Amino acid sequence: MPDSVLRVENLRTYFFTYAGIVKAVDGISLDVNKGETLGVVGESGSGKTVTAQSILRIVPSPGRIVDGTIEFEGKNLLKLSEQQMQRIRGKEIAYVFQDPTTTLDPVYKVGDQLSEVIMRHHNISKKDALAKATDLLRNVEIPDPEIRINQYPHELSGGTKQRIAIARALSCDPTLILADEPTTALDVTIQAQILDLLKELKNRLNLSMVLITHDMGIVADVCDRVTVLYAGQVCETGTVEQVFEEPKHPYTEALLTSVPSLALRKEKLSVIPGNVPNLIQPPSGCRFHPRCAYAQQICIDKVPEFEPIGDGRWVHCHRWKELDLKSPVAS
Amino acid sequence: MLDQLWHLTLPATVYTFALLAPIVLLVRSSMLEVLRQDYILAARASGLGERTVIYKHGLRNALIPIVTYVGLYFGGLLAGAPVTETVFNWPGVGRQFVTSTTQLDFPVIQAVVVIITLMTLVANLVTDVTYAYIDPRIRLE
Amino acid sequence: MSPPTQQRLQRNRGVSQWALAWRRLKTNKVAIVGLGMVGMFVVMAAFDRLVALYPPQCLVGLSPSCPSPAFASNAPPSAAHPFGTDLTGYDVYSEIVYGTRAAFVVGLGASGLTMLIAISIGLVAGYFGGWIDNVLMRLTEVFLVIPFFLILLVFLQVTIKLAPTATGGIWLVVFIIGAFSWPGAARIIRAEVLRVREFEFIAASRQIGASWFRILLRHLFPNVLHIVIVLATLQIANSILTEAAVSFLGFGAPNSNTWGQQMYTSAGFIEQAWWGTLFPAIFVTLMVMGFNLLGNGLRDALDPRLRE
């Protein structure tokens, strides 16, 4: 039985805005085991980022976690005090943000920002922290780290800044890394480099990672297991092989078919009809029913149960047993 | 000398309060703008204490646009406060200007305007230089 | 889930931008106070004859339209004269009430003129860029650097004193204040235009072949409207204050009967008859404060960047 590093159960995070209550995360459960990379995939608005922010409890106001438990190494993170959380952030659980251009403070040198985090969690001098920072930059394959240490963020390229963000995340040897779409803001060639770096770090350091993305290709490339999200709820969870070859949820099937592929020549780009739902007034029953090709009356009336199918597989759909969903990547 | 200082307290206090309020509002709105940024969230996510996050990262960034405004206010401050000086009967440039204008004493009027304008320009210049100094994105240009 | 959360979950309706802003504004207690103060002054100006005790500029005790009580110049506050009488024998309270309209004239007039100039310059400079922007911005900077208040005094001294009995004097004050206050607002509007013009729908209208005038008016302007509203409100406050200062120093229009003017006529007797100067000053403060509070509240409520 692989040991669990993180277990999120029934998380609900709502945003209390003037326009109404946005139920960004409404009953999400997921778990990450030691040394494994969990992909969290979904469209924009599915609740991926808010989930990650909830884990670290840095959800910006007017957001608030209203329900659920988050178990990390045996402790319920939602019950900890702010001081205790601060000892976990950056040290046990680290976060890599999506946009490298805004994730570093523009008025401080790169080395200072890295050493600041190191010194916060360890009792070492500034000089030693800077030395460690230089090492970290070397580990993420930044050339001439001694020079980079003294530079400001605006002097560096996007790819380099993202490597620095990753280095910052790794600086205190965390147990778990939350990577929020780390490659979305970069161009394709740099994307590939960063992904390779992540894979290499994962193998070398036996990292546990939650990789948030909207790109199924990245999931197939880097992740071991995957959780598919839609409109603040989970659709299905399983290993990458299971989910990709035998999707059990209509949304997953739609996601897989909508990825344009050069190998499968089709005349039309297949899209998922409809729009991302309004999270202040989500659809009744199963939230995907307005866009689901297989929806029936029960899907409109009742919220589906989250059912285990065995082998670590979970599905959130009324009709999964009867549907025979096809995956374009099935072998 | 001491007598001058004594007579200075009231007008100085009044003037200070008047100048203080807009700056406070500016700092507030600049801070609100800065605290929404990703790097503030990132600092929190790295486990830094709330005070560090707000002062070291937040305020430092928020102050950058403030400096421009404060610099300009400084220029305006030196423009003399005709009203304050008149009310408190303080023999300053402002009051002198009011008297000269009433008498249409043009040389004095011109002189005062030129001096004040020059001071404002200098204040602008100093502000620009300071701005370049504190914002690393605007150097070497 | 706690009951209050569940209750709030019931309240689900789509809302417009302006309704959202109004909701935000309502929660800002200070801004509502400001709104209330402004409202009070509006009522005072609209119903001035009803609110005041005596007819306008009436020599109490001497003139037939206000025969009682007896004439008293520079009399302290009493039952018949809650704020006392001034040098000429007018009731201070009534004069203040009648001065409210003048205050609005100054505030709205000057602010209107300022915003008109500022919007035109800001939109044009921001949208066209290039040398037009350069020229306009240099012009703005010139106006900004010159000490506006001092120049204002000189202008007024020269023009008003040349025709001291004309009753149109107040319009001159309005005009000069309005004509000099635009640079600050123009800069802010231009900055907002720079931000908005990058939006794609502007490029889209250009591609359809819309004329620049149409783009400015129908697309850019509505998107800087929120800034314009805030600036206009604050400019009203500013203009009233400036006029009061200018008149108090003796440079205002003598027949305009603004609060500043009233302060000026009573200023000489400030030690013996302080009420003639103090009460108009209080009203100036209150009105300026009201518009300032409202303006700041509007800024918070309308600022798109503070939207969640």
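Of the 331 residues of chain A, 46% count as buried, in a model that is predicted rather than determined by experiment. The radius of gyration of chain A is 21 Å, which agrees with the value near 20 Å that a compact globule of 331 residues would have. As a whole, the model scores ipTM 0.82 and pTM 0.74, while the mean pLDDT of chain C is 81.

**Chain A**

- The secondary structure of chain A comprises 11 helices and 12 strands, and its C-alpha atoms, taken along the principal axes, fill a box of roughly 65 × 50 × 45 Å.
- When contacts in chain A between residues at least 6 apart in sequence are considered, 66% of them join residues that are at least 24 apart.

**Contact between chain B and chain A**

- Chain A contributes 23 residues to its contact with chain B, and chain B contributes 17 residues.
- On the side of chain B that touches chain A, at least two residues each are supplied by helix 2 (38-45) and by helix 3 (50-78) of chain B, and helix 2 of chain B gives the most, with six residues.
- Sorted by class, this side of chain B holds six nonpolar, six polar and five charged residues.

**Contact between chain C and chain B**

- Here 20 residues of chain B are in contact with 16 residues of chain C.
- On the side of chain C that touches chain B, the elements giving two or more residues are helix 7 (148-160) and helix 11 (212-248) of chain C, with the largest share, six residues, coming from helix 7 of chain C.
- The residues on this side of chain C divide by class into 12 nonpolar, three polar and one charged.

**Confidence in chain C**

- In chain C, 88% of the residues reach a pLDDT of 70 or more, and confidence is highest in helix 3 (residues 29-46) of chain C, at a mean of 91.
- Confidence in chain C is lowest in helix 1 (residues 3-10) of chain C, where the mean is 44.
- Over residues 1-13 of chain C, pLDDT stays under 50, and for this stretch the model has 10 contacts beyond four places in sequence.
- Where pLDDT is low, the predicted coordinates should not be read in detail.

Technical notes. Residues numbered from 1 in each chain as written. Chains lettered and ligands numbered in written order. Predicted model: local features only at pLDDT ≥ 70, side-chain atom pairs only at ≥ 80, totals over all residues. Contact = placed C-beta atoms within 7 Å. Helix = DSSP H or I, 4+ residues; strand = E, 2+ residues; numbered from the N terminus. Nonpolar A, V, L, I, M, F, W, Y, C, P; charged D, E, K, R; others polar. pLDDT = per-residue confidence, 0-100. Rg over C-alpha atoms; globule rule 2.2 N^0.38 Å. Buried ≥ 20, exposed ≤ 12 C-beta atoms within 10 Å, placed from the backbone.
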